[in-house]
Amino acid sequence: MSVTKRNDAGAAPSVSLTDLFDEKSGTISPAIYADPQLYELELERVFSRSWLFIAHETHIPKAGDYLATYMAEDPVIAVRQKDGGVKVFLNQCRHRGMKICRTDGGNAKAFTCTYHGWAYDIGGNLVQVPLEQQSFACLDKKQWGARQARVDSYKGLIFATWNMDAPTLSDYLGDAKSYLDLILDRSEGGTEAIGGIVKWVIPCNWKFAAEQFCSDMYHGATSHMSPMMAASPDTLPGDPTDFSGRQFRASRGGHGTGFFVEGAEWLWRVGQAGEHVSGFDIAAAEQRTNLHRSGKRPVGFSQHMTVFPNFSIFAGANTARVWHPRGPGEIEVWAFGLVDKAASDAEKEQMRLMTLRTFSAAGTWEQDDGENWVEVQRVLRGHEARRTLFNAQMGAGAPRGEDPTFPETITNAFAEEAARGFYAHWQKLMTDVDGSFSKAGSYADAAE
Ligand code: FES
Ligand SMILES: [Fe+2]
């Protein structure tokens, strides 16, 4: 496939997929955010071959509990089964394609299509067909169940994939697991989802959001300075760009994270959380955190993370979200609060309010991010703008693996190392014609 081609002046007509990102020079062609043909290819080669986030276990705790969600543009239903497992199947009737389920979630014994009445059980099996005897000569209902995805979970997070040859979810997450654990496994019992799922639309490409949460701590002190100042103590305890941090690029898979390890606690505990909820026990929260910092499992502060391709968490603001793609220039954000199960009710309430204030449809920090992505996307309406390369060189060549507490990180949170890993993996998938790169076997030699 040909889209544009770079030249020394930094512009480029007619390009191949291998030119869209260049790791060596740290450059990105903006066509990847705006081209409809590339987007169609992403649906096939990125989203249908990767593990995609579906729900938190606590969204659907009981048998029959279900959540209607999406795997990229494909509507799916995730349902808790009687044996405790979860099934994820296409929300598309096998008769003539109507949605099987038209509500957002709840508890069901069956799903009945509202077009002609075909009914499916909670496992997605076709169990009832109106006028079956009179109107169908020989319908083998077993052959016409809803299309099933493969399902797996990691520490409370349920994922699914259409790729039956994909590695296990554990292998897919690879060395990113220990950084997910900083968020998911901080205390006994793990995490739970709180509040509802807040959904809104942003007119921007999904990669702006996913890559930023993967890699970009750099924008904080510029983009978010006003809410930082507004919600912080009168006297800032230091230069907000002068924190000790780390950035991690997964050796395989496009996942990435970054966080501060000291100096920034006030950002979320004092500045954003405060003591606005009566009974909020900041001493207990601090003690729990300190236990982990001094014990086996350290905690990073203000940790942003993306599990490739489109699931992100921002620990500290306690938000988790999926960036559902809707064409090359639009996303639906589905966000929910993520807290330690072991936290007190007052702490959970404090976290819920903090998440609403910072990262939600009306959150102050969220507005800052969305404005950047929308504006960049608007600029890309321009013909010349779409031919002018972006710079992703920050932190190139920085030594990795020097901190034994945080393996495989570089010791600077302000870098684009994880972004380069994100695009390197994206490009490997996009250029993989037969899908062999995303099969389990190819995960044996991990690094990319
Ligand atoms: S489309 Fe579902 S029953 Fe006909
Ligand atoms: Fe941000």
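Predicted model: local features only at pLDDT ≥ 70, side-chain atom pairs only at ≥ 80, totals over all residues.
1. Helix 10 spans residues 345-358, 14 residues in total. From first C-alpha to last, helix 10 reaches 20 Å. That is close to the 20 Å expected at 1.5 Å a residue.

2. Several side chains of helix 10 are buried. Among them are the charged residues Glu347 and Lys348. Ala346, Gln350, Met351, Met354, Thr355 and Thr358 are buried too.

3. The salt-bridge count comes to 21. Three of these pairs and one network follow below.

4. Glu44 pairs with Arg49; their closest N and O atoms are 3.8 Å apart. Glu44 is partly exposed, at 41% relative accessible area. Arg49 is buried, at 12%.

5. Asp65 and Lys62 form a salt bridge at 3.9 Å, N to O. Asp65 counts as buried, with 7% relative accessibility. Lys62 is exposed, at 54%.

6. Arg326 and Glu73 meet in a salt bridge at 3.8 Å, N to O. What does the pair tie together? Arg326 sits in the loop between strand 18 (319-325) and strand 19 (331-340). Glu73 sits in the loop between strand 4 (65-71) and strand 5 (74-80). The pair therefore ties together parts that are 253 residues apart in sequence. Arg326 is buried, with a relative accessible area of 15%. Glu73 is partly exposed, at 32%.

7. Salt bridges with shared partners also build one network. Its members are Glu23, Arg249, Arg400, Glu417 and Arg420.

Key
Residues numbered from 1 in each chain as written. Chains lettered and ligands numbered in written order. Heavy atoms only, no water. Helix = DSSP H or I, 4+ residues; strand = E, 2+ residues; numbered from the N terminus. Expected span 1.5 Å × (residues − 1). Buried < 20%, exposed > 50% of the residue type's maximum accessible area, 1.4 Å probe, protein only. Salt bridge = Lys/Arg side-chain N within 4 Å of Asp/Glu carboxyl O.
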